[in-house]
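User: I would like to learn how to read aromatic pairs and nonpolar cores. Please walk me through them.

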Amino acid sequence: MPDFYDKPLIRYPIYALIGVTVIAVLLLYFYNWLFGLLVSICLVIALYFLKEAVQSFQTEVEGYITTLSYRLKKVGEEALMEMPIGIMLFNDQFHIEWTNPFLTSCFDEDILVGRSLFDVADSLVPLIKQEIESGTITLHDREFKVIIKRDERLLYFFDVTEQIEIEKQYEDERSVLAFVFLDNYDEVTQGMDDQARSAINNKVTALLNKWAKDYGVFLKRVSSERFLGVLNEHILSKFEENKFSILDEVREKTTLHNVSLTLSVGIGTGVSSLQELGDLAQSGLDLALGRGGDQVAIKQSNGKVKFFGGKTNPMEKRTRVRARVISHALKEIVSESDKVMIMGHKFPDMDAIGSAIGLLKVAQANGKEGFIILDPDALDSGVEQLLIEIKQHPELWSRFITPEQAIQLMTDETLLIVVDTHKPSLVIDERLLARSEHVIVIDHHRRGEDFIKDPILVYMEPYASSTAELVTELLEYQPKSLKINMIEATVLLAGIIVDTKSFTLRTGARTFDAASYLRAKGADTVLVQKFLKENIENYVKRAKLIQNASMYKAGVAITIAEGDDHFDQVIIAQTADTLLTMNGVVASFVIAKRNEDTVSISARSLGDINVQLIMEALDGGGHLTNAATQLEGHTLEEAEERLKETLKNYLEGGTN
């Protein structure tokens with residue numbers, strides 16, 4: 001131990017004190033030598049005892065430190081050998097050089113030194129090779145958090161089994177709210193006598209109560225068509241395992257009573273606040289209904305959504321009450337705006353352009369100036385003939401403007417109507433969405449997670465064949481002064497014909513009603529056929545694509561383009577349609593390049609396979625029988641591999 005007096009902060013003050021004392025003693029000698037001698041003797045005695053005290057103190061401190069060092073060393077050795085923390089040293093070849101007894105006991109082996117990590121704990125090696133400081137592994141049914149010190153080739157093991165079990169218990173017991181909705185209860189029971197209505201009501205209630213009792217769910221009926229369910233995460237995981245079989249059970253059991261009732265379920269999960277759970281559950285139910293019903297939407301706090309079900313086509317509504325209400329609301333909103341702008345999706349097809357022209361007539365019928373936004377640099381070849389015909393009608397063509405012109409004309413009172421899409425990423429120009437405070441969405445696609453923010457009016461009906469059908473119904477409830485000329489009616493009819501594949505797919509009674517209305521307004525079917533004509537070059541391209549088709553699974557046909565040829569989206573879609581007409585094909589997928597950076601996949605089915613779910617797994621979307629996706633930065637081979645992996649998960653693991 002260093003001498004106490006070696007420290008400058010101690011030594012210099014003592015020197016100064018001694019110097020002052022010596023001077024004082026000398027002064028005493030000067031005045032009285034006898035008194036000075038007496039003081040000198042006392043001073044010497046005091047200094048002697050001070051030195052002895054300091055030496056004694058130093059001896060005691062040195063003894064205390066020696067004892068403390070021994071104790072610390074002893075504790076360190078005991079901690080190293082006895083504490084429930086595993087310690088392991090390994091070499092560059094991943095052989096164990098040393099472990100403490102606790103870690104040895106975790107492996108149920110007497111000797112670990114010299115053994116290879118590949119033999120005793122192969123899950124440790126990938127963890128060590130990764131550039132991470134810690135990770136969790138399982139050893140003999142116990143969970144360990146491993147802290148890695150690569151420079152020292154040292155591992156620390158902390159048993160976190162109980163912590164993980166507590167966390168899992170907490171996760172399993174978290175509250176979940178569910179809203180269960182009978183999609184078409186009012187329509188199915190409309191016109192039934194009391195006895196029949198009571199019978200179907202009792203059947204559905206019994207099915208749901210049994211389902212709730214079997215799984216431990218609190219279920220309360222809050223209206224004739226709505227139930228409230230309270231459950232936890234553990235019960236929810238069971239539902240996910242059986243893919244919410246209650247959907248199929250209700251549909252099948254009610255069919256025996258000559259009715260077809262389906263369920264839509266919105267579930268909120270992932271938060272502790274009951275109010276937030278309720279908001280998430282309602283949002284999930286809106287999503288499920290917006291996608292056509294007969295499905296479950298689980299909305300999580302991070303915004304992600306899981307979908308289950310959706311195996312059937314949306315049921316067509318028997319009444320037009322909602323169409324009339326929406327049409328009147330649209331009339332009021334248009335009347336309050338200074339002008340109306342209509343925008344479809346990128347590379348608009350006939351349905352998008354036709355429905356935009358129909359809404360242009362709504363604006364004009366209500367005395368407002370209307371414009372249709374069209375990007376001349378992003379046009380689909382399938383609408384070339386249509387635009388050539390429209391250009392022959394100057395009054396109509398003058399209503400078409402570019403996105404840049406639209407931004408200049410737009411004011412705070414301008415109404416923006418988005419047609420044939422509800423996804424911000426798919427509109428012609430997203431800047432217009434950010435610029436406009438008044439947005440209306442009219443679409444016939446099943447609702448996806450990505451949705452335009454805060455629209456003032458939404459009209460989405462997945463049962464409809466096309467957006468043109470929805471717009472045609474809206475036109476019927478507009479002011480009587482509305483006059484539709486031949487070209488406008490023809491374009492609307494073309495939109496319906498294209499999306500229904502000439503009235504063969506997704507066609508209901510109201511589809512024919514809309515077509516009949518347009519025909520009465522002068523729609524020219526011969527002109528529609530002119531719009532649909534294709535050139536020989538496109539026909540040959542389509543034939544080459546079909547030539548490469550092969551059967552991936554029973555009933556599933558896949559064709560992939562050869563080389564670096566680029567294909568128009570219309571050709572890709574038409575190829576998928578053509579493949580679906582072949583014997584034994586229930587679903588078709590066509591993979592081809594749109595441009596250097598984009599691979600397009602078009603999917604079609606006859607209804608047995610939900611191609612919408614498959615395309616959504618590849619960041620696309622659409623309908624149960626008609627869907628597509630665009631993959632950026634993929635090669636054809638990578639796109640094919642992703643598609644086959646998704647198909648495998650769908651066909652073998654259900655429709656999640």
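**Rings and cores**

Analyst: Phe118 counts as partly exposed because its relative accessibility is 44%; buried means under 20% relative accessible area, exposed over 50%, and partly exposed in between (1.4 Å probe, protein chains only). This is a predicted model: local features need pLDDT of at least 70, side-chain atom pairs count only at pLDDT 80 or more, and totals for chains, interfaces and linings use all residues. Residues are numbered from 1 along each chain as its sequence is written, and side-chain values use heavy atoms, with hydrogens and water left out.

User: How many aromatic pairs are there?

Analyst: Rings of Phe, Tyr and Trp (its six-membered ring) pair if their centres lie within 6.5 Å; planes under 30 degrees apart count as stacked, over 60 as edge-to-face and the rest as tilted. The count here is ten. Phe94 and Phe118 are edge-to-face, because their planes stand at 85°, with centres 5.9 Å apart. Phe94 is buried, at 16% relative accessibility.

User: What kind of pair do Phe244 and Phe308 form?

Analyst: A tilted one: 5.2 Å centre to centre, 50° between the planes. Both residues are buried. Ring pairs also link Phe244 and Phe308 with Trp211, Tyr215 and Phe239 in a cluster.

User: Which residues have the most contacts inside the largest nonpolar core?

Analyst: A nonpolar core is a set of buried Ala, Val, Leu, Ile, Met, Phe, Trp, Tyr and Cys residues joined through side-chain atoms within 4.5 Å. The largest has 56 residues; Leu330, Ile342, Ile353, Leu359, Ile417 and Ile442 have the most contacts inside it. A second, separate core of 32 residues includes Phe244.
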